[in-house]
Amino acid sequence: MGLFKSKRGGGPKTAEGKIAVTNNALKTGSYSSRAILPGESEEDFKQLQDQFIKDFLPKNVAESLIVHQLSSLTWKILRLQKLEDAHVLRALHQPIGEGDLYRENLKLPYEYISLIQDLSPYDDHFFSQNQSYLEYLRRFDGGYGISKDEFYEMPKIHLELYEELVRMASEYTKTDKIIDVAPESLIRLKYTTPEGGSIAFVHHAFVALQKHCEDLVYIHRHLGHIRSAVTNIKEKRLLEALKDQGIMRAHEDLQRSFYKALNELRRHQTWRQGTIELGPGV
């Protein structure tokens, strides 16, 4: 006999008590710190654990540990799927460069590369509107032929075009946010040329806007070939991303571990259900 009695209670003695403690360990997240990474939701992980407990109803410590292992493996599989999705999206959203287009036998001038990164806005309405803007801008010879009265009417005739001009002015003057700029304010704004000269900002903006609209006309003219090349580039990137051996191996390892644990749990439950429990006095 020991000289001193342990102050520890020794834990629950009955089978029901042991099961309750085991399930409490799962529900309170005693193991969650090993499964949850920074930025992940502990609440979501606990909900997953609770669902596994409800589905498999572990009756002893061994079964509870296997159920915990299953929930942790499932959490890691879900995490890996998110990482895989992010990996694929990153590959698909990488900027398309001249080299990518060259490999698809498409030679596109460098100044047009930025216009093909997102082809989703390009439809008949978009190009029809662009043509309308271009015809309007060409009327004024780079802004030099526009009168004050005509410029004051611009927000009423082509509001989106005027808003783009305002955005350019805000960017040039390094204004933090786009504000409602009256036409008379834009007329007074001066632009410093690379040579050090000074011209009206409106003239600079009209030239830049007209060039942009003309570039879009070029894109429209070659849109079929561009779409085909971009589609091929993204399909090849997708295939390369899906071939990532590291992700595939990790996924396969987790799947094998999951089904191994699941089979072990089934064997435990089959053994327990097949065991004859003798009642009192038998």
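The following questions and answers walk through a predicted model of a single chain.

This is a predicted model in which local features need pLDDT of at least 70 and side-chain atom pairs count only at pLDDT 80 or more, while totals for chains, interfaces and linings use all residues. Residues are numbered from 1 along each chain as its sequence is written, and side-chain values use heavy atoms, with hydrogens and water left out.

Visitor: How many helices and strands does the secondary structure of the chain come to?
Guide: Helices (H or I, at least four residues) and strands (E, at least two) are taken as DSSP runs and numbered from the N terminus. Read from the N terminus on, the elements run α-α-α-α-α-α-α-α-α-β-β-α-α-α. The count for the chain is twelve helices and two strands.

Visitor: What share of the contacts in the chain with a separation of 6 or more comes from residues 24 or more positions apart?
Guide: A contact here means heavy atoms within 4.5 Å. Among contacts in the chain with a separation of 6 or more, the share from residues 24 or more positions apart is 67%.

Visitor: Which residues touch the most other members of the largest nonpolar core?
Guide: A nonpolar core is a set of buried Ala, Val, Leu, Ile, Met, Phe, Trp, Tyr and Cys residues joined through side-chain atoms within 4.5 Å. The largest one has 24 residues, and the elements that give two or more residues to this core are α6 (124–138), α7 (148–157), α8 (159–172) and α10 (201–221). The members that touch the most others are F151, M154, L165, L186, F201 and F206.

Visitor: Why are α8 and α10 described as oblique to each other?
Guide: Axes are lines fitted to C-alpha atoms, for helices over the stretch in contact, and angles run from 0 to 180 degrees between N-to-C directions. Angles under 35 degrees count as roughly parallel, over 145 as roughly antiparallel, 65 to 115 as roughly perpendicular and the rest as oblique. The axes of α8 and α10 are 10 Å apart and the helices pack at an angle of about 120 degrees, so α8 and α10 are oblique.

Visitor: At what angle do α3 and α4 pack, and what classes of residue make up their contact?
Guide: Helix α3 (residues 42–56) and α4 have axes 9 Å apart and pack at an angle of about 135 degrees, which makes α3 oblique to α4. On the α3 side D44, F45, L48, Q49, F52, I53 and F56 meet V67, H68, L70, S71, S72, T74 and W75 in α4. By class, this contact has eight nonpolar, five polar and one charged residues.

Visitor: Which residues does S72 touch, not counting those up to four places away in sequence?
Guide: S72 lies in helix α4 and is buried, because its relative accessible area is 10%. The C-alpha atoms of S72 and A35 are separated by 6.1 Å, although these residues are 37 residues apart along the chain. With residues up to four places away set aside, S72 touches A35 and F45.

Visitor: Is I66 buried or exposed?
Guide: I66 lies in helix α4 and touches A261, E264, L265 and H268, not counting residues up to four places away in sequence. I66 and N263 are 197 residues apart in sequence and 9.9 Å apart in space, C-alpha to C-alpha. With a relative accessible area of 8%, I66 is buried.

Visitor: Where is P95, and which residues is P95 in contact with beyond its neighbours within four places in sequence?
Guide: P95 is placed in the loop between α4 (61–93) and α5 (98–103), and at 62% relative accessibility P95 counts as exposed. Leaving aside neighbours within four places in sequence, P95 is in contact with D100, Q117 and R237.

Terms used:
Buried means under 20% relative accessible area, exposed over 50%, partly exposed in between (1.4 Å probe, protein chains only). Ala, Val, Leu, Ile, Met, Phe, Trp, Tyr, Cys and Pro count as nonpolar, Asp, Glu, Lys and Arg as charged, and the others, Gly among them, as polar.
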